[in-house]
Structure formats: structure tokens, C-alpha cells
Protein chains: 2
Amino acid sequence: MADVAALAGVSAGTASKALNNTGQLSQETRDRVRRAAEQLGFTPDARGRALSSGRTYTVALVTTDSTGRFSIPIMRGVEDVLSAGQLATVLCDTRDDPLRELTYLRSMVARGVDGFVVTGRRTEPRPPIDVPLPVVYALAPSSNPTDASVIVDDAGGATAAITHLLSLGRQRIAHITGPVNHRSATARAEAVVSAAGDALCGEPLYGEWSERWGRQATEVILRQRPDAISCGSDQIARGVCDRLRELGHAVPDDIAVTGYDNWSVMAMASRPPLTTVDPRLEDLGRRAASLLLQAIAGKRHRGVLELPARLITRESTLGA
Amino acid sequence: MADVAALAGVSAGTASKALNNTGQLSQETRDRVRRAAEQLGFTPDARGRALSSGRTYTVALVTTDSTGRFSIPIMRGVEDVLSAGQLATVLCDTRDDPLRELTYLRSMVARGVDGFVVTGRRTEPRPPIDVPLPVVYALAPSSNPTDASVIVDDAGGATAAITHLLSLGRQRIAHITGPVNHRSATARAEAVVSAAGDALCGEPLYGEWSERWGRQATEVILRQRPDAISCGSDQIARGVCDRLRELGHAVPDDIAVTGYDNWSVMAMASRPPLTTVDPRLEDLGRRAASLLLQAIAGKRHRGVLELPARLITRESTLGA
């Protein structure tokens with residue numbers, strides 16, 4: 001530590017503050033000390049640091065479903081921000097089992113983690129976790145509206161897709177989506193109905209999050225003679241494109257198609273590639289981690305923060 | 001702790017050993033103490049435990065690619081075994097960046113982790129990491145053959161698919177796979193050539209891991225009049241099925257198709273659903289974590305452990 005301080009041209013106390021992220025120092029001083037530490041290959045002993053500061057510089061990431069493709073990019077965003085701040089991310093996969101979750105929470109509190117990020121694969125509000133530490137919820141908000149939650153603006157994303165279709169001159173817009181008991185399906189469908197207005201063609205068709213449902217629903221919806229089909233997911237949209245092609249309808253010349261998720265495996269492999277809504281889940285994870293760092297530092301955010309989704313335009317609406 | 005010992009009917013020392021996974025105790029005694037601790041909601045303070053044992057009961061999971069669908073099930077398996085053993089899994093996503101990896105390794109050693117599991121998305125041997133702690137490699141083995149590595153028997157998996165096709169009476173078997181510079185492609189292709197023998201129809205076609213390549217390669221391979229097409233991945237196999245259907249060939253009546261990966265998004269959504277090889281990556285992660293626990297306990301495994309893949313039969317070879 002003395003060598004680091006000497007190389008950075010600061011006192012040992014300042015070097016220690018810079019490396020431990022404490023005290024009032026300019027960003028320039030912190031950076032200089034960190035560069036010096038990096039140059040000398042110096043790593044503070046984290047256990048010693050934990051003892052002297054009472055902190056472990058560790059955050060627990062609680063996920064109900066680590067195989068889900070929704071929690072993966074969120075995890076990545078969380079880990080990205082925390083590792084940049086020298087905090088370790090401990091993975092807790094509860095497998096959607098409340099008892100397993102409880103065991104984890106106890107164990108992590110006993111380990112002295114500094115806080116929790118809670119995420120999952122659904123967007124329904126979830127019961128808050130009962131821990132005496134800072135918590136931020138990502139994707140699924142806490143059912144307690146004063147807890148800190150970061151969610152995607154699903155309605156805004158669905159509206160952007162419809163606005164895009166209307167701007168292309170489409171006048172008969174149908175909507176095919178997932179299960180009626182999924183908030184992500186209903187939130188998007190309600191936004192579609194509202195944004196499409198008189199251009200709405202038939203009622204939203206609720207079903208399942210699958211290509212098969214997309215193919216089946218296409219046959220039903222064609223009776224309404226739509227010139228655009230907005231879908232609640234990329235899987236559904238891919239099924240829609242496949243069945244339209246099989247039935248001899250050109251996408252987008254006869255019927256434009258939009259998806260939701262920007263899941264590359266579906267959106268890019270679809271024929272044609274899908275115009276879709278990207279919920280920017282990695283950003284969601286980053287934002288949740290930043291809020292948690294602020295909360296750990298004593299500046300606690302309260303309430304739900306809604307992040308914008310982004311429309312990605314491709315051949316399924318624009319043509320080749 | 002005294003209450004736990006009393007409820008379990010053992011001494012405080014025995015209860016402590018049982019909860020800290022130390023000493024020579026019967027499994028039955030350990031279980032009894034754990035049940036008592038669970039009943040009383042007792043969680044030992046992990047930091048106190050770390051100080052008294054010199055261990056942190058934490059393992060670092062180093063992955064080159066946490067968004068990859070290969071490392072996800074491995075992570076899940078690792079976390080499953082470690083959490084059952086009361087160890088925390090710390091996530092280190094190196095983004096395939098050697099400098100980032102080095103920073104992580106230093107930071108984790110400074111934190112006093114008990115060991116490392118290293119995984120990634122490719123199956124090529126990788127350089128060993130330089131840490132003074134137990135390490136187990138999963139999926140991509142260490143290039144040092146005396147390190148502990150757990151890998152999938154890719155050749156065995158590919159052979160099982162060919163044996164299945166031969167047992168169904170197929171006599172002209174073609175192979176379409178990924179890039180020639182990917183070990184997973186070449187290892188499977190070599191096994192296919194060897195297992196198919198005289199039934200091999202044309203040389204293996206190397207390309208990319210995509211549906212599009214599957215569709216393109218199908219047109220090429222049809223000139224050889226195959227009655228079966230074995231594919232190096234489910235994505236390729238799905239593209240093959242799509243193009244065969246579009247060209248009027250029935251799967252499997254005219255041509256049987258097999259995939260590789262058992263990636264449900266591809267294997268189940270394919271028309272028809274794919275007979276494929278499941279590399280059992282979650283098991284791979286579990287096995288790696290078990291070997292690491294043994295190494296931490298002083299029983300170090302040396303060398304490469306190859307786990308069997310499993311053939312899953314579905315409509316693309318068996319019919320409806």
C-alpha cells in the first residue's frame with residue numbers, strides 16, 4: 001500500500017480511501033491511485049478490508065430462474081456494474097421455490113452481503129423479500145410500491161411498434177400474443193389497442209408464447225384481412241411469418257409483421273428478419289445495480305423506475 | 001448453537017462440526033444437526049466461520065461468456081451442487097477478455113475464495129489459470145492434461161446418432177455441420193465418418209452454426225440422394241427440415257434428420273421435432289462442482305473426465 005501511495009504521489013491514507021471507495025476524493029485522485037495499484041499488481045486483501053469496513057463488497061443476485069433468457073442479460077448487466085465497482089456478485093438461483101429463496105436470503109445475510117438485486121422471468125409484481133439490507137428489484141417490481149424497482153416500459157415498446165406500422169400506412173392492424181394471465185401479454189395488448197385506434201383489426205388473440213401458436217393464430221386472423229400483424233413476442237412473430245409464407249402472403253408487401261423481445265435466435269432467423277422491440281434487459285440490470293450501489297452508499301431510491309424499450313426496424317416491415 | 005445441539009441431542013462441538021462440514025461425523029448425525037438448525041432458523045455467521053476456519057465457503061465461477069446458452073446450464077449445475085454444500089457461487093464474467101480475466105482472478109484470490117470453476121462456450125482446450133487454489137475446468141478442458149477438466153464425450157454423442165440411423169435401416173447418411181475450425185464440429189464429424197462407414201454419403205459439409213446454413217447445405221447434399229442427414233447442431237437440423245419440407249421431401253419417411261444439443265427452442269420447435277444428442281451440460285456443471293469440493297477437501301482429481309452425452313429420439317427419425 002505504501003508503494004501504491006508513493007507511485008500515485010498521495011498519502012497512504014488517501015491511497016487506502018481511493019482503493020476502498022471511501023472518503024471525499026476527486027475522481028482524478030481515485031483514478032491515479034487505481035492506476036498505480038494496477039501497475040504494481042496490488043490487490044487489497046478483501047477479507048481485511050471487510051473486517052475494517054464492516055462491509056464484504058458483495059451483492060447477492062437472487063433470480064427465480066437462471067436458465068431463463070430474460071434473467072441472463074439482466075444478470076450480465078448487474079455483474080458488469082458491480083465488478084466495475086469492485087463488488088462481487090453472488091449467484092442465488094431459487095428455482096422459483098419460496099423455501100429455497102428463504103434459505104438463500106438467510107445464508108446471504110449471515111455472510112454479510114451489502115445488498116440484494118432480485119430478478120426473475122415474469123413481469124408481475126412479486127412479494128418483497130424480508131431482509132434488513134438494501135434491495136433493488138429488476139424486471140418484476142416489488143408489490144410494495146415504495147421499494148426500489150426497475151422495470152421495462154412494455155406499453156411504450158408496444159406503442160412504438162404500432163406507431164411505426166401506422167407511419168408505413170398500414171390501416172388494418174391485428175395483434176397476436178401470449179397467455180391472458182401474463183402481465184407482459186396484457187400490458188402490450190392494451191397499448192396496441194390504444195395506439196392502433198380505428199386501425200385495430202379484430203380483438204387481440206391471446207394464446208401461448210410459441211411459434212406454433214403464431215402459425216395457428218395466423219389462420220384465424222387472416223379472415224379479418226389485416227395488412228399488419230403485431231405480435232407479443234418474437235417466437236409468435238416467427239410462426240406468423242412462416243405460416244404467411246406457406247399460405248402465399250408476402251411479408252411485408254401484403255402483410256407487415258412485428259415481434260417483441262429482439263431475441264436474436266428468433267428475430268434474425270425469422271424469414272424475413274423481424275422488426276421488433278428490444279427491452280434492453282442488460283441496461284435494466286445495469287440500472288438496478290447502480291441504484292443498489294447508491295442505496296448501499298446511503299442514497300436510497302424509492303418507487304418504480306420505468307426504462308424505455310427500443311424499436312429495432314428490419315425487413316419484416318421495411319422489406320428487403 | 002447450544003439450542004441446536006440440544007435439539008439434535010449432540011454436543012455443541014459436534015453440532016459445530018456438522019454445520020461447518022468438518023470433522024468425522026456420520027451422515028445421519030450431520031443430517032440431524034442440520035434439521036435441528038433449520039427448525040430453529042439458525043444460520044451460523046459466515047464471517048465468523050470464515051475467520052475461525054480460514055475458509056470463506058465461496059467458489060468463483062469464471063465464464064468467458066455468461067450469455068452463451070452453453071455456459072448457462074453449466075452455471076446452474078455448479079450453483080446447484082455448491083449451494084447444497086452451503087458454498088456461495090461468485091459470478092465472474094470475463095467477456096472473453098484476458099485482462100478482465102486476470103483482474104478477476106486477482107480479486108477473487110484476494111477475497112480468499114476456496115477454489116475456481118472455469119467454463120466457456122467453446123470446447124477447445126484453453127490455457128490454465130494461474131492461481132494457488134483448486135481449479136476445475138468444465139466444457140473447455142485445460143491445455144495442461146494433469147489439470148482437472150470435465151468435458152462432454154462429443155464423439156460418443158455423434159456416434160449414438162449414427163448408430164440410431166443405421167438401426168432404422170438408413171443406408172446413405174450425409175453430415176452437415178459448423179465451422180471447420182471449431183473442435184465441436186470436427187470431433188463430431190470424425191465420429192460420424194467412422195460410425196457411418198460405408199453408409200457415409202459424401203464428405204461432411206462444414207459451414208456455420210445457423211439455420212440458414214442448414215437450408216443452403218440441404219440443396220447441395222440432395223444431389224447425393226441421402227436417406228438420412230445427421231447435423232452438427234439443432235439449428236442446422238432445423239434449417240435442414242425446413243428446406244426439405246419446402247422442396248417436397250418428407251421427414252423422416254424420405255429422409256431422416258438428427259440434430260445435436262437438445263436445445264429446446266430449436267429441437268422442439270422444428271417441424272418435425274428433432275431426434276438429437278443432449279450433452280447434459282447441467283450434469284457437467286454438477287460434476288465439475290463435485291470435483292472442486294473434493295479438491296478443496298484435499299482429494300484432487302487429475303486429468304480429463306469425459307461424461308457421456310445422451311441420444312433423445314423424436315419424430316425427425318421415428319415419425320409421428
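How many salt bridges does the structure hold over all chains? The count is 50, and since you are looking at a predicted model, here are a few points to check as you browse.

1. Start with A:E282 and A:R76, a salt bridge whose closest N and O atoms are 3.7 Å apart. A:E282 sits in helix α12 (residues 281–296) of chain A and A:R76 in helix α5 (residues 71–84) of chain A, so this pair ties together parts 206 residues apart in sequence. A:E282 counts as partly exposed at 23% relative accessibility, while A:R76, at 15%, counts as buried.

2. A:E282 has another partner: A:R286, with the closest N and O atoms 3.1 Å apart. These residues are 4 apart in helix α12 of chain A, so about one helical turn separates them. A:R286 is partly exposed, at 27% relative accessible area.

3. Over in chain B, B:R76 forms a salt bridge with A:D93, at 3.1 Å between the closest N and O atoms. This pair crosses between chains, joining helix α5 of chain B to strand β2 (residues 88–93) of chain A. Both ends are buried: B:R76 has a relative accessible area of 15% and A:D93 one of 1%.

4. Helix α10 (residues 234–246) of chain A passes a simple geometry check: its 13 residues should span 18 Å at 1.5 Å a residue, and the end C-alpha atoms are 18 Å apart. Of those 13 residues, 11 are buried, including A:D242 and A:R243. At the helix start, a side-chain oxygen of A:S233 comes within 3.4 Å of the backbone nitrogen of A:Q235.

5. Lastly, A:D242 and A:R243 also belong to a salt-bridge network, with B:D242 and B:R243 among its other members.

Technical notes: Residues are numbered from 1 along each chain as its sequence is written. Chains are lettered from A and ligands numbered from 1 in the order in which they are written. This is a predicted model: local features need pLDDT of at least 70, side-chain atom pairs count only at pLDDT 80 or more; totals for chains, interfaces and linings use all residues. Side-chain values use heavy atoms; hydrogens and water are left out. Helices (H or I, at least four residues) and strands (E, at least two) are DSSP runs, numbered from the N terminus. The expected span of a helix is 1.5 Å times one less than its number of residues. Buried means under 20% relative accessible area, exposed over 50%, partly exposed in between (1.4 Å probe, protein chains only). A polar contact is a pair of N or O atoms within 3.5 Å; within protein, one must be able to donate a hydrogen and the other to accept it, and residues adjacent in sequence count only if both atoms are side-chain atoms. A salt bridge is a side-chain nitrogen of Lys or Arg within 4 Å of a carboxyl oxygen of Asp or Glu.
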